[in-house]
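I opened this model to keep a record of what I looked up, entry by entry. The notes follow the order in which I went through the structure.

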Amino acid sequence: MAEPETQAPAPAPWPVFDLNQAVLGFADEVAREPGGAHIRRCYACGACSARCPVADHLAGFDPRRLIRLILLGQRDPVLQSPLPWRCSTCYTCQETCPQGVGFTEVLFAVKNIAARAGFFPPALGLQPDILRAHGRLLEITDFENKNRADLGLPAITERPAHYQAMLARFSLKTGEEA
Amino acid sequence: MPWALYLGCTVPVRNLNYEASVRRTAEKLGLDLVDLADFGCCGFPMKSLNAEEALVIAARNLALAQAAGCDVTAACSACAASLAEADHQLAHDPALAKRVNERLAEIGLKYTGGVRIRHFARLLYEEVGLERLRAAVVRPLTGYRFAPHYGCHYLKPSEAMDHFDSPDNPRTLAELIEALGAEAAAYPGLTDCCGGGVLGVEEGLAQVMAYGKLKRLTTLNVNGLVVICPFCNVMFEGQQKTIAKKFGEDLKVPLFFYPQLLGLALGIGQKELGFKLNRIKDKDMMKALEG
Ligand code: SF4
Ligand code: SF4
């Protein structure tokens with residue numbers, strides 16, 4: 001049997017912190033984005049970090065610290081960091097926060113800004129095209145419908161027209177790995 | 001009002017046992033489920049890239065339900081949360097609702113609110129109720145013990161779910177299990193996240209997140225883990241072999257979608273409930289509950 005791999009994943013690189021590079025409007029930029037409105041409410045208690053399951057397993061992932069970096073204007077380091085994309089969206093931080101910061105949603109705001117700037121995981125960048133083509137993330141072909149019929153389930157026909165129309169104007173910059 | 005069955009992207013392709021058991025148990029319990037042919041992706045996959053696009057997509061599906069005069073029941077927890085959140089946001093932000101409806105007008109739709117969105121497990125709990133479930137049981141699962149796994153998006157964001165169950169101390173799934181005559185195990189780590197949300201971006205992280213619970217389950221003396229979400233299922237069942245190998249453990253934890261257990265208790269056949277698609281089974285249990 002192969003040597004069991006018991007280690008946690010490698011630590012994610014920390015965004016390099018440089019106050020001389022601070023973009024003072026970054027927190028406001030996040031606050032204007034859907035979900036980001038309450039970022040300034042954070043009083044750094046650390047309840048989010050204490051309960052975050054990703055923080056338990058991924059060294060370097062620390063919600064409280066990410067919030068500080070945003071409030072201190074570390075725009076490029078945060079937007080180019082892989083960390084926001086490692087959130088499992090479990091909502092534990094959001095439900096725990098005594099200040100109603102809504103950190104899960106704050107991270108969606110950050111990811112939305114990062115995506116516009118061209119930083120997002122490549123696999124995610126393919127999803128809009130898949131939706132435009134199929135109206136769903138997993139294709140339905142005759143093969144799927146045959147399996148469905150075998151279990152007495154009704155056939156599904158892909159209807160992507162609305163998705164094509166809804167996402168017609170949506171485009172992403174060429175992806176850079178995040 | 002009929003309930004439009006919202007399957008989403010994953011369940012109707014990867015979890016036919018879940019879908020079949022939802023449909024068969026609903027039928028047995030007299031729930032009026034209908035299919036809307038136009039339902040597609042719920043929008044959640046778009047949320048990280050652009051939350052407003054995700055919202056428009058979610059609202060589009062709610063608009064379809066409204067036009068058909070249906071409420072919505074979803075089998076996938078991510079779909080249920082995405083749709084419930086959209087409804088909640090639009091109800092509380094008129095300016096946003098106006099913007100979203102301008103987008104919907106381009107495809108001839110309109111959403112004015114009021115569609116109820118329920119995860120299928122919540123629907124069973126609230127609309128059928130424990131008493132009626134208990135009365136409908138013909139084959140009690142007495143003597144069996146299961147660990148419930150609620151997952152995250154079934155309960156949270158709790159605001160969008162009308163706080164129907166506690167995110168820290170959830171009870172509904174345990175009570176649904178107990179209504180079938182089985183025992184529901186209480187255990188540390190009950191509300192731990194399965195890791196499914198990061199499987200696509202960092203497999204190793206997702207696996208270490210799921211591993212903790214799987215390992216714990218081997219010490220709980222349970223007949224299996226009960227899930228209600230395709231992503232929890234992919235982590236605990238689909239990834240189980242890989243995780244066992246990776247961490248050098250002998251894990252053999254049977255997985256059940258709750259409606260499959262319910263179906264057994266209601267006397268529905270294992271074939272109809274799609275059990276042949278369950279990858280890790282307790283053969284003795286399945287034999288004992290046959291016929
Ligand atoms: S729990 Fe809330 S207030 Fe406390 S550090 Fe986290 S975000 Fe800030
Ligand atoms: S939602 Fe993300 S940041 Fe918050 S606790 Fe869960 S994994 Fe951590």
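I began just after α6 of chain B, where B:G129 takes a positive phi of about 90 degrees. For helices I used DSSP runs of H or I with at least four residues, and for strands runs of E with at least two, numbered from the N terminus. I took buried to mean under 20% relative accessible area, exposed over 50%, and partly exposed in between, with a 1.4 Å probe and protein chains only.

Before going on I noted that this is a predicted model, in which local features need pLDDT of at least 70 and side-chain atom pairs count only at pLDDT 80 or more, while totals for chains, interfaces and linings use all residues. Residues are numbered from 1 along each chain as its sequence is written, chains are lettered from A and ligands numbered from 1 in the order in which they are written, and side-chain values use heavy atoms, with hydrogens and water left out.

Chain A as a whole came next. I listed eleven helices and zero strands in chain A, and 48% of its 178 residues are buried. Taking contact as heavy atoms within 4.5 Å, I found that residues 24 or more positions apart account for 75% of the contacts in chain A with a separation of 6 or more. Its accessible surface, by the Shrake-Rupley method with a 1.4 Å probe and, for residues, only the protein chains shown as cover, comes to about 8,600 Å², with 52% of that belonging to carbon and sulfur atoms.

I then looked up two residues. B:R23 sits in helix α2 of chain B, residues 16-28, and it counts as buried because its relative accessible area is 16%. Not counting residues up to four places away in sequence, B:R23 touches A:R148, A:L153 and A:P154 as well as B:L5, B:L7 and B:D35. A:M166 belongs to helix α11 of chain A, residues 161-166, and is buried at a relative accessible area of 5%. Leaving aside neighbours within four places in sequence, A:M166 is in contact with B:E53, B:V56, B:I57, B:R60, B:R103 and B:I107.

Grid points are joined across faces, edges and corners, and a volume is the space filled by probe spheres set on the points. The count comes to three cavities of 30 Å³ or more, and the largest cavity holds about 100 Å³. It is lined by 15 residues, the closest to its centre being A:C52, A:F61, A:C87, A:C90 and A:C93. Helix α7 of chain A gives the most to this lining, with three residues.

The second largest pocket has a volume of about 1,000 Å³. Of its 36 lining residues, A:G35, A:E105, B:E85, B:Q89 and B:E159 lie nearest its centre, and α4 of chain B supplies the largest share of the lining, six residues.

Notes
On a 1 Å grid over the protein atoms alone, a cavity is a set of points where a 1.4 Å probe fits but cannot get out, and a pocket is an open set with protein on both sides within 12 Å along at least five of seven lines; lining residues have an atom within 4 Å of a point.
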